Amino acid sequence: MNVIEARFGVAAALAFVSGAVDVIGWLSLDHLYTTHMTGNSAALGQAIARGDARAIVTRGLPAVVFVAGVVCGAALAEVCAHRGVRADVAPGLALTAALLGGFLVGVSVTAHAGPVPLEPAWAFDLQASLVSLAMGVQTATFRRIDGVTVRTTYITGMLTNFAEELAQLLARPRDAPVDLRSTARHLVATGIIWPSFVTGAAASALAHARWGARALAIPVLLLVSLVVLDLAWPVGGPSGTAAWRREQRRRSGE
């Protein structure tokens, strides 16, 4: 198995983690989404319309924290790229696992196997923020496979990318040359995210029914396994610095 093939597996595993975390967060944190922000944004709009200050904070904070996590993860990836770190996926995933581990510690203290208590409000917001921050870091840690942008927490975007790749293949002129190997890789890279996310969501829903919020230990263990894998056999994070990647996208017309 080469590095690119290994990255397909890492992408699928991280999408599984995203689905698992999102469902466990939704079940444990008063139906709050901690991985994708679309649902929270709609709920935020409703809270603003109602003038519900508490709901505005609860539904708006995850998006702010998620963005902060992306900034942290991207900055960490940049540092690794500048310093030539070979295992450049491991630091971001280790930080993601540590943040989720902090949530698990909080759950063991405040909620045990049940939902996270809404009061005190600061404790609820802190635990929700740990999970959203972790998912932001993960999103920025692993972003490309074989020249294809991959977002392991962004399902709508990845479905759109998959459909566009498929449309380009089906709509090409009959006499147009096509690199079937490259096309197949692009389809797999964009298409593997959604089924992996759904699988993680289904598995975590079953696990949550038995172990409650402590089921989050499953994706944490998977993240730790990926950290060990990257340390032993680097699979590579974002290639080059941000400036280098922007130049490559400009040249390719992306």
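In the predicted model, the lining of the largest pocket draws at least two residues from each of strand E2 (148-149), helix H6 (155-171) and helix H7 (180-191). The largest share, five residues, is supplied by H6. The space in this pocket amounts to about 290 Å³. Its lining consists of Val 148, Thr 149, Asn 161, Glu 164, Glu 165, Gln 168, Leu 169, Val 178, Ser 182, Thr 183, His 186 and Thr 190. By class, three of the lining residues are nonpolar, seven are polar and two are charged.

The two helices that contribute to this lining, H6 and H7, also pack against each other, at an angle of about 155 degrees and with an axis separation of 8 Å. H6 is therefore roughly antiparallel to H7, the angle being over 145 degrees. The crossing of the pair is left-handed. On the H6 side the contact involves Met 158, Asn 161, Phe 162, Glu 165, Leu 166 and Leu 169, and these meet Thr 183, His 186, Leu 187, Ala 189, Thr 190 and Gly 191 of H7. Six residues of this contact are nonpolar, five are polar and one is charged.

H2 passes H3 in a left-handed crossing. From H2, the contact includes Asn 40, Ala 43, Leu 44, Ala 47, Ile 48 and Arg 50, while H3 provides Ala 55, Ile 56, Arg 59, Gly 60 and Pro 62. Seven of the contact residues are nonpolar, two are polar and two are charged.

H3 also packs with helix H5 (residues 121-141); the axes of H3 and H5 come within 7 Å and cross at roughly 35 degrees. Here the crossing is right-handed. The contact of H3 with H5 comprises 16 nonpolar, seven polar and two charged residues.

Two features of the backbone were also noted. Most residues other than glycine have a negative phi, and most peptide bonds are trans. Asp 30, which is not a glycine, has a positive phi of about 55 degrees. Asp 30 is located in the loop between helix H1 (3-28) and H2. The peptide bond from Glu 119 to Pro 120 is cis, with omega near 0 degrees. Pro 120 belongs to the loop between helix H4 (90-110) and H5.

Methods:
Residues numbered from 1 in each chain as written. Predicted model: local features only at pLDDT ≥ 70, side-chain atom pairs only at ≥ 80, totals over all residues. Heavy atoms only, no water. 1 Å grid on protein atoms, 1.4 Å probe; cavity = no way out; pocket = protein on both sides within 12 Å on 5 of 7 lines; lining within 4 Å. Points joined across faces, edges and corners; volume = space filled by probe spheres on them. Helix = DSSP H or I, 4+ residues; strand = E, 2+ residues; numbered from the N terminus. Nonpolar A, V, L, I, M, F, W, Y, C, P; charged D, E, K, R; others polar. Left-handed = near helix turned anticlockwise from the far one by under 90°. Contact = heavy atoms within 4.5 Å. Axes fitted to C-alpha atoms, helices over the stretch in contact; angles between N-to-C directions. Parallel < 35°, antiparallel > 145°, perpendicular 65-115°, else oblique.
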